Amino acid sequence: MNFSDLSQNAVLAKARAMYAGTLTNENYVDLANCRTINEAANYLKGRTSYSEAFVSVPNVKIHRARLEAVLKRYMLSRIASLCSFEKAIGQNLYEILLLRNDVDCIITCADYLDSDNIGEYLLFVPDFFKEHSELTMLPLERARNFDELLSGLHGTRYESIIKKAMNGKTEFSVQLLENVLYNYLYTEASSIICEKYKKGKKRDELLDVFRMRSDMKTIESIYRLKKYYGSGSDIHTGSFFNSGITSFSEKELASLLAASSPDEVLELLKKTRYGKYLPAGDMVIERKTAIMQLRINEKQLRYSTHPETVFLSYIGIMENEMQNVTHIIEGIRYSLPPEEIMKYLIRNGAGHIVYGKKLEVINSIEKIGVLKNV
(Lines give C-alpha, C1' and ligand atoms only; values in the text may rest on other atoms or scores of the structure.)
Protein backbone atom coordinates (compact mmCIF):
# COMPACT_ATOMS: atom_id res chain seq x y z
CA MET A 1 0.00 0.00 0.00
CA ASN A 2 1.53 3.33 -1.06
CA PHE A 3 1.45 6.65 0.76
CA SER A 4 -1.50 7.91 -1.30
CA ASP A 5 -3.60 4.89 -0.28
CA LEU A 6 -2.68 5.36 3.36
CA SER A 7 -3.51 9.05 3.19
CA GLN A 8 -6.92 8.45 1.67
CA ASN A 9 -7.70 5.72 4.20
CA ALA A 10 -6.82 8.20 6.93
CA VAL A 11 -9.39 10.66 5.55
CA LEU A 12 -11.98 7.88 5.38
CA ALA A 13 -11.30 6.79 8.96
CA LYS A 14 -11.39 10.35 10.30
CA ALA A 15 -14.68 11.23 8.57
CA ARG A 16 -16.41 8.01 9.68
CA ALA A 17 -15.11 8.42 13.23
CA MET A 18 -16.60 11.91 13.34
CA TYR A 19 -19.86 10.61 11.85
CA ALA A 20 -20.11 8.15 14.74
CA GLY A 21 -20.63 11.15 17.01
CA THR A 22 -23.63 12.59 15.16
CA LEU A 23 -26.89 12.92 17.05
CA THR A 24 -29.33 10.00 17.13
CA ASN A 25 -33.11 10.21 16.99
CA GLU A 26 -33.10 9.58 20.73
CA ASN A 27 -30.85 12.61 21.22
CA TYR A 28 -33.22 14.73 19.17
CA VAL A 29 -36.22 13.61 21.22
CA ASP A 30 -34.38 14.31 24.48
CA LEU A 31 -33.36 17.77 23.27
CA ALA A 32 -36.89 18.59 22.11
CA ASN A 33 -38.14 17.68 25.59
CA CYS A 34 -35.83 20.19 27.25
CA ARG A 35 -37.84 23.12 28.56
CA THR A 36 -35.11 25.74 28.86
CA ILE A 37 -32.13 26.79 26.75
CA ASN A 38 -29.83 26.02 29.66
CA GLU A 39 -31.24 22.52 29.99
CA ALA A 40 -30.59 21.91 26.28
CA ALA A 41 -27.03 23.25 26.63
CA ASN A 42 -26.35 20.97 29.59
CA TYR A 43 -27.69 17.98 27.65
CA LEU A 44 -25.45 18.72 24.67
CA LYS A 45 -22.48 19.27 26.96
CA GLY A 46 -22.97 16.18 29.08
CA ARG A 47 -24.45 13.54 26.78
CA THR A 48 -23.32 14.19 23.19
CA SER A 49 -20.17 14.76 21.15
CA TYR A 50 -20.88 18.50 21.40
CA SER A 51 -19.20 18.44 24.81
CA GLU A 52 -16.02 19.64 23.05
CA ALA A 53 -17.85 22.82 22.02
CA PHE A 54 -18.24 23.86 25.67
CA VAL A 55 -14.64 23.41 26.81
CA SER A 56 -14.00 27.17 26.95
CA VAL A 57 -17.57 28.15 27.94
CA PRO A 58 -18.06 29.17 31.59
CA ASN A 59 -20.38 26.90 33.56
CA VAL A 60 -23.09 29.54 33.91
CA LYS A 61 -26.56 30.10 32.50
CA ILE A 62 -26.33 30.45 28.72
CA HIS A 63 -28.77 32.39 26.55
CA ARG A 64 -30.08 31.36 23.15
CA ALA A 65 -27.80 33.53 20.96
CA ARG A 66 -24.69 32.46 22.86
CA LEU A 67 -25.59 28.76 22.58
CA GLU A 68 -26.17 29.01 18.84
CA ALA A 69 -22.86 30.86 18.48
CA VAL A 70 -20.99 28.17 20.43
CA LEU A 71 -22.49 25.40 18.31
CA LYS A 72 -21.95 27.15 14.98
CA ARG A 73 -18.33 27.86 15.83
CA TYR A 74 -17.87 24.20 16.74
CA MET A 75 -19.40 22.98 13.47
CA LEU A 76 -17.22 25.23 11.35
CA SER A 77 -14.14 24.23 13.34
CA ARG A 78 -14.87 20.56 12.59
CA ILE A 79 -15.14 21.31 8.86
CA ALA A 80 -11.90 23.29 9.06
CA SER A 81 -10.26 20.40 10.91
CA LEU A 82 -11.19 17.99 8.13
CA CYS A 83 -9.98 20.44 5.48
CA SER A 84 -6.69 21.02 7.28
CA PHE A 85 -6.17 17.29 7.70
CA GLU A 86 -6.94 16.60 4.03
CA LYS A 87 -4.55 19.36 2.92
CA ALA A 88 -1.79 18.09 5.21
CA ILE A 89 -1.81 14.65 3.60
CA GLY A 90 -1.64 16.00 0.08
CA GLN A 91 -5.27 15.90 -1.05
CA ASN A 92 -7.01 18.86 -2.72
CA LEU A 93 -10.77 18.66 -2.14
CA TYR A 94 -10.31 21.23 0.62
CA GLU A 95 -9.93 23.77 -2.21
CA ILE A 96 -13.61 23.33 -3.03
CA LEU A 97 -14.61 23.95 0.58
CA LEU A 98 -12.43 27.05 0.69
CA LEU A 99 -14.32 28.34 -2.35
CA ARG A 100 -17.63 27.53 -0.71
CA ASN A 101 -16.60 29.38 2.42
CA ASP A 102 -15.82 32.47 0.30
CA VAL A 103 -19.20 32.18 -1.39
CA ASP A 104 -21.01 31.86 1.95
CA CYS A 105 -19.15 34.88 3.35
CA ILE A 106 -20.04 37.07 0.34
CA ILE A 107 -23.71 36.05 0.45
CA THR A 108 -23.85 36.66 4.21
CA CYS A 109 -22.46 40.17 3.69
CA ALA A 110 -25.05 40.76 0.94
CA ASP A 111 -27.82 39.68 3.33
CA TYR A 112 -26.73 42.39 5.76
CA LEU A 113 -26.28 45.29 3.33
CA ASP A 114 -29.26 47.18 4.77
CA SER A 115 -28.34 46.41 8.38
CA ASP A 116 -26.01 47.96 10.93
CA ASN A 117 -24.98 44.47 11.97
CA ILE A 118 -22.69 41.94 10.33
CA GLY A 119 -23.73 38.41 9.52
CA GLU A 120 -23.29 35.90 12.33
CA TYR A 121 -21.50 33.56 9.93
CA LEU A 122 -18.58 35.98 9.73
CA LEU A 123 -18.06 35.87 13.48
CA PHE A 124 -17.29 32.16 13.46
CA VAL A 125 -15.07 31.64 10.43
CA PRO A 126 -12.12 29.47 11.57
CA ASP A 127 -8.55 30.67 11.06
CA PHE A 128 -7.92 27.93 8.47
CA PHE A 129 -10.49 29.48 6.13
CA LYS A 130 -9.33 33.05 6.81
CA GLU A 131 -5.71 32.18 6.11
CA HIS A 132 -6.50 30.55 2.75
CA SER A 133 -9.17 32.96 1.52
CA GLU A 134 -8.49 35.66 -1.05
CA LEU A 135 -11.19 37.82 0.55
CA THR A 136 -10.44 40.83 2.73
CA MET A 137 -13.28 40.65 5.20
CA LEU A 138 -13.30 44.13 6.77
CA PRO A 139 -14.52 46.10 3.70
CA LEU A 140 -17.10 43.37 3.01
CA GLU A 141 -18.39 43.53 6.59
CA ARG A 142 -18.66 47.32 6.35
CA ALA A 143 -20.47 47.32 2.98
CA ARG A 144 -23.96 48.84 3.14
CA ASN A 145 -24.90 48.73 -0.55
CA PHE A 146 -24.09 46.66 -3.61
CA ASP A 147 -21.45 49.07 -4.96
CA GLU A 148 -19.57 48.95 -1.65
CA LEU A 149 -19.81 45.15 -1.64
CA LEU A 150 -18.39 44.99 -5.15
CA SER A 151 -15.65 47.42 -4.15
CA GLY A 152 -14.77 45.13 -1.24
CA LEU A 153 -14.24 42.33 -3.75
CA HIS A 154 -11.84 44.37 -5.88
CA GLY A 155 -8.96 42.32 -7.19
CA THR A 156 -10.60 38.96 -6.48
CA ARG A 157 -12.01 36.46 -8.96
CA TYR A 158 -15.47 37.17 -7.56
CA GLU A 159 -15.46 40.79 -8.69
CA SER A 160 -15.17 39.85 -12.37
CA ILE A 161 -17.65 36.96 -12.03
CA ILE A 162 -20.33 39.19 -10.51
CA LYS A 163 -19.70 42.10 -12.89
CA LYS A 164 -20.05 39.81 -15.87
CA ALA A 165 -23.31 38.33 -14.54
CA MET A 166 -24.73 41.78 -13.70
CA ASN A 167 -23.97 43.16 -17.16
CA GLY A 168 -27.12 44.77 -18.51
CA LYS A 169 -29.07 44.25 -15.26
CA THR A 170 -30.04 47.37 -13.41
CA GLU A 171 -31.36 45.83 -10.22
CA PHE A 172 -29.27 43.87 -7.72
CA SER A 173 -30.80 41.01 -5.71
CA VAL A 174 -29.28 38.59 -3.21
CA GLN A 175 -30.98 35.74 -5.05
CA LEU A 176 -29.24 36.66 -8.30
CA LEU A 177 -25.93 36.91 -6.43
CA GLU A 178 -26.48 33.45 -4.90
CA ASN A 179 -27.22 31.95 -8.31
CA VAL A 180 -24.12 33.52 -9.85
CA LEU A 181 -21.77 32.44 -7.06
CA TYR A 182 -23.15 28.91 -6.66
CA ASN A 183 -23.04 28.48 -10.41
CA TYR A 184 -19.34 29.34 -10.27
CA LEU A 185 -18.77 27.11 -7.24
CA TYR A 186 -20.26 23.98 -8.79
CA THR A 187 -18.56 24.60 -12.12
CA GLU A 188 -15.18 25.10 -10.43
CA ALA A 189 -15.71 22.05 -8.20
CA SER A 190 -16.29 19.92 -11.27
CA SER A 191 -13.14 21.29 -12.89
CA ILE A 192 -11.04 20.49 -9.80
CA ILE A 193 -12.41 16.93 -9.69
CA CYS A 194 -11.94 16.32 -13.42
CA GLU A 195 -8.39 17.66 -13.28
CA LYS A 196 -7.42 15.28 -10.48
CA TYR A 197 -9.34 12.23 -11.69
CA LYS A 198 -9.36 11.77 -15.45
CA LYS A 199 -11.78 8.84 -15.33
CA GLY A 200 -13.12 6.07 -13.13
CA LYS A 201 -15.81 5.43 -10.52
CA LYS A 202 -14.27 7.79 -7.96
CA ARG A 203 -14.43 10.68 -10.43
CA ASP A 204 -18.05 9.92 -11.34
CA GLU A 205 -19.06 9.57 -7.69
CA LEU A 206 -17.50 12.89 -6.71
CA LEU A 207 -19.06 14.66 -9.67
CA ASP A 208 -22.42 13.22 -8.61
CA VAL A 209 -22.04 14.88 -5.19
CA PHE A 210 -21.92 18.32 -6.78
CA ARG A 211 -24.40 17.49 -9.52
CA MET A 212 -26.85 16.55 -6.78
CA ARG A 213 -26.31 19.81 -4.88
CA SER A 214 -26.66 21.80 -8.08
CA ASP A 215 -29.77 19.86 -9.10
CA MET A 216 -31.46 20.53 -5.76
CA LYS A 217 -31.08 24.28 -6.33
CA THR A 218 -32.38 23.86 -9.89
CA ILE A 219 -35.42 21.95 -8.60
CA GLU A 220 -36.14 24.66 -6.04
CA SER A 221 -35.89 27.46 -8.57
CA ILE A 222 -38.08 25.71 -11.18
CA TYR A 223 -40.68 24.86 -8.53
CA ARG A 224 -40.76 28.49 -7.29
CA LEU A 225 -41.05 29.82 -10.85
CA LYS A 226 -44.09 27.61 -11.47
CA LYS A 227 -45.62 28.42 -8.09
CA TYR A 228 -45.23 32.19 -8.12
CA TYR A 229 -44.93 33.13 -11.80
CA GLY A 230 -46.99 30.47 -13.58
CA SER A 231 -46.22 28.17 -16.49
CA GLY A 232 -45.02 31.05 -18.68
CA SER A 233 -42.11 31.85 -16.35
CA ASP A 234 -39.11 33.57 -17.87
CA ILE A 235 -36.22 31.23 -17.05
CA HIS A 236 -33.71 33.97 -17.83
CA THR A 237 -34.66 35.98 -14.74
CA GLY A 238 -32.32 36.07 -11.75
CA SER A 239 -34.63 33.66 -9.93
CA PHE A 240 -33.69 30.68 -12.10
CA PHE A 241 -30.68 28.54 -11.23
CA ASN A 242 -29.01 26.18 -13.68
CA SER A 243 -25.27 25.71 -13.47
CA GLY A 244 -25.03 23.16 -16.25
CA ILE A 245 -23.53 20.77 -13.68
CA THR A 246 -26.38 18.29 -13.56
CA SER A 247 -27.46 14.67 -13.52
CA PHE A 248 -30.62 15.52 -15.43
CA SER A 249 -30.73 14.57 -19.08
CA GLU A 250 -31.60 17.33 -21.56
CA LYS A 251 -35.03 15.76 -21.97
CA GLU A 252 -35.67 15.64 -18.21
CA LEU A 253 -34.63 19.26 -17.72
CA ALA A 254 -36.74 20.40 -20.68
CA SER A 255 -39.76 18.58 -19.24
CA LEU A 256 -39.28 20.18 -15.82
CA LEU A 257 -39.04 23.63 -17.40
CA ALA A 258 -42.14 23.01 -19.49
CA ALA A 259 -44.25 21.86 -16.51
CA SER A 260 -47.51 23.74 -16.18
CA SER A 261 -47.62 23.69 -12.36
CA PRO A 262 -45.46 23.00 -9.28
CA ASP A 263 -47.33 19.70 -8.76
CA GLU A 264 -46.34 18.60 -12.26
CA VAL A 265 -42.71 19.45 -11.44
CA LEU A 266 -42.87 16.97 -8.53
CA GLU A 267 -44.54 14.30 -10.66
CA LEU A 268 -41.84 14.62 -13.30
CA LEU A 269 -39.17 14.55 -10.60
CA LYS A 270 -40.39 11.10 -9.51
CA LYS A 271 -39.32 9.72 -12.89
CA THR A 272 -35.71 10.95 -12.52
CA ARG A 273 -32.84 9.42 -10.55
CA TYR A 274 -33.97 11.50 -7.57
CA GLY A 275 -37.48 10.05 -7.51
CA LYS A 276 -36.66 7.32 -4.97
CA TYR A 277 -35.40 9.96 -2.53
CA LEU A 278 -38.36 12.35 -2.91
CA PRO A 279 -40.42 12.52 0.32
CA ALA A 280 -44.20 12.30 0.15
CA GLY A 281 -46.52 14.84 1.71
CA ASP A 282 -47.36 18.53 1.51
CA MET A 283 -44.28 20.51 2.48
CA VAL A 284 -42.30 23.44 1.15
CA ILE A 285 -39.89 22.59 -1.66
CA GLU A 286 -36.80 23.50 0.41
CA ARG A 287 -37.82 20.89 2.96
CA LYS A 288 -38.22 18.25 0.26
CA THR A 289 -34.80 18.97 -1.24
CA ALA A 290 -33.18 19.02 2.22
CA ILE A 291 -34.60 15.57 3.01
CA MET A 292 -33.46 14.28 -0.39
CA GLN A 293 -29.94 15.58 0.18
CA LEU A 294 -29.80 14.00 3.64
CA ARG A 295 -30.93 10.64 2.28
CA ILE A 296 -28.35 10.72 -0.49
CA ASN A 297 -25.57 11.88 1.84
CA GLU A 298 -26.29 9.11 4.33
CA LYS A 299 -26.33 6.49 1.59
CA GLN A 300 -23.03 7.75 0.19
CA LEU A 301 -21.38 7.85 3.58
CA ARG A 302 -22.42 4.32 4.49
CA TYR A 303 -21.71 2.58 1.22
CA SER A 304 -19.03 4.54 -0.62
CA THR A 305 -15.51 3.16 -0.52
CA HIS A 306 -14.04 6.46 -1.69
CA PRO A 307 -12.72 8.70 1.12
CA GLU A 308 -13.43 11.95 -0.73
CA THR A 309 -17.11 11.06 -1.16
CA VAL A 310 -17.41 10.11 2.51
CA PHE A 311 -15.62 13.35 3.45
CA LEU A 312 -18.10 15.52 1.53
CA SER A 313 -21.15 13.50 2.57
CA TYR A 314 -20.25 13.77 6.23
CA ILE A 315 -20.01 17.55 5.95
CA GLY A 316 -23.51 17.66 4.40
CA ILE A 317 -24.89 15.52 7.23
CA MET A 318 -23.17 17.64 9.87
CA GLU A 319 -24.55 20.89 8.44
CA ASN A 320 -28.05 19.43 8.46
CA GLU A 321 -27.57 18.37 12.08
CA MET A 322 -26.54 21.91 13.00
CA GLN A 323 -29.74 23.22 11.42
CA ASN A 324 -31.77 20.70 13.40
CA VAL A 325 -30.19 21.71 16.69
CA THR A 326 -30.80 25.38 15.88
CA HIS A 327 -34.46 24.59 15.14
CA ILE A 328 -34.78 22.81 18.49
CA ILE A 329 -33.27 25.77 20.34
CA GLU A 330 -35.68 28.15 18.59
CA GLY A 331 -38.59 25.82 19.40
CA ILE A 332 -37.64 25.81 23.08
CA ARG A 333 -37.36 29.58 22.97
CA TYR A 334 -40.94 29.80 21.70
CA SER A 335 -42.17 27.20 24.23
CA LEU A 336 -43.39 24.80 21.55
CA PRO A 337 -44.37 21.28 22.64
CA PRO A 338 -41.75 18.61 21.89
CA GLU A 339 -43.85 16.83 19.25
CA GLU A 340 -44.21 20.07 17.29
CA ILE A 341 -40.50 20.85 17.50
CA MET A 342 -39.72 17.40 16.10
CA LYS A 343 -41.78 18.16 13.00
CA TYR A 344 -39.36 20.92 12.03
CA LEU A 345 -36.34 18.65 11.93
CA ILE A 346 -34.87 17.25 8.73
CA ARG A 347 -34.30 13.56 9.36
CA ASN A 348 -34.26 10.53 7.14
CA GLY A 349 -37.94 9.65 6.80
CA ALA A 350 -38.97 13.04 8.22
CA GLY A 351 -42.65 13.94 8.23
CA HIS A 352 -44.61 16.98 7.13
CA ILE A 353 -43.72 20.53 7.98
CA VAL A 354 -46.17 22.19 10.36
CA TYR A 355 -48.01 25.21 9.05
CA GLY A 356 -49.54 27.85 11.25
CA LYS A 357 -46.74 29.18 13.46
CA LYS A 358 -44.24 31.64 12.18
CA LEU A 359 -40.84 30.92 13.71
CA GLU A 360 -37.42 32.42 13.28
CA VAL A 361 -36.22 28.94 12.38
CA ILE A 362 -37.68 29.39 8.89
CA ASN A 363 -36.48 32.93 8.33
CA SER A 364 -33.94 31.77 5.77
CA ILE A 365 -36.77 30.34 3.69
CA GLU A 366 -38.97 33.39 4.14
CA LYS A 367 -36.23 35.65 2.80
CA ILE A 368 -36.71 34.24 -0.66
CA GLY A 369 -40.50 34.47 -0.42
CA VAL A 370 -41.32 30.78 -0.19
CA LEU A 371 -43.47 30.76 2.96
CA LYS A 372 -45.44 33.93 2.35
CA ASN A 373 -48.63 32.39 3.71
CA VAL A 374 -47.24 30.66 6.79
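Trainee: At roughly what angle do the axes of α10 and α11 cross?

Mentor: This is a predicted model, where local features need pLDDT of at least 70, side-chain atom pairs count only at pLDDT 80 or more, and totals for chains, interfaces and linings use all residues. Residues are numbered from 1 along each chain as its sequence is written, and side-chain values use heavy atoms, with hydrogens and water left out. Helices here are DSSP runs (H or I, at least four residues; strands are E, at least two), numbered from the N terminus, and axes are lines fitted to C-alpha atoms, for helices over the stretch in contact, with angles from 0 to 180 degrees between N-to-C directions. The axes of α10 (residues 157-166) and α11 (residues 174-196) come within 10 Å, and they cross at roughly 125 degrees.

Trainee: What does that make α10 relative to α11?

Mentor: Angles under 35 degrees count as roughly parallel, over 145 as roughly antiparallel, 65 to 115 as roughly perpendicular, and the rest as oblique. As for the angle, it makes α10, relative to α11, oblique.

Trainee: How many charged residues does the contact of α10 with α11 have?

Mentor: Contact means heavy atoms within 4.5 Å. On the α10 side we find R157, Y158, I161, I162, A165 and M166, and they meet L176, L177, V180, L181 and Y184 in α11. Ala, Val, Leu, Ile, Met, Phe, Trp, Tyr, Cys and Pro count as nonpolar, Asp, Glu, Lys and Arg as charged, and the others, Gly among them, as polar. Sorted that way, the contact of α10 with α11 has 10 nonpolar residues, no polar ones, and the number of charged ones is 1.

Trainee: Now α2 and α3: how does α2 run relative to α3?

Mentor: The axes of α2 (residues 25-32) and α3 (residues 37-47) come within 9 Å and cross at roughly 150 degrees. That makes α2, relative to α3, roughly antiparallel.

Trainee: And how many residues of the contact of α2 with α3 are nonpolar?

Mentor: α2 passes α3 in a right-handed crossing. E26, N27, D30 and L31 of α2 make the contact with A40, Y43, L44 and R47 of α3. Of these residues, 3 are charged and 1 is polar, and the nonpolar ones number 4.

Trainee: Is L269 buried or exposed?

Mentor: L269 sits in α14 (residues 262-269). Leaving aside neighbours within four places in sequence, L269 is in contact with I219, F248, L256, Y274, G275, L278 and M292. Buried means under 20% relative accessible area, exposed over 50%, and partly exposed in between (1.4 Å probe, protein chains only). At a relative accessible area of 1%, L269 is therefore buried.

Trainee: What is the relative accessible area of T309?

Mentor: T309 belongs to α16 (residues 307-333). Neighbours within four places in sequence aside, T309 is in contact with E205, L206, V209, Q300 and S304. T309 counts as buried because its relative accessible area is 0%.

Trainee: How far apart in space are R73 and F124, C-alpha to C-alpha?

Mentor: R73 is part of α4 (residues 64-88) and counts as partly exposed, at 46% relative accessibility. R73 and F124 are 51 residues apart in sequence, while in space their C-alpha atoms are apart by 5.0 Å.

Trainee: Last one: how many helices does the protein have?

Mentor: The protein has 374 residues, of which 54% count as buried. Its secondary structure comes to 0 strands, and the number of helices is 18.

Note on methods. A crossing is left-handed if the near helix is turned anticlockwise from the far one by less than a right angle, and right-handed if clockwise.
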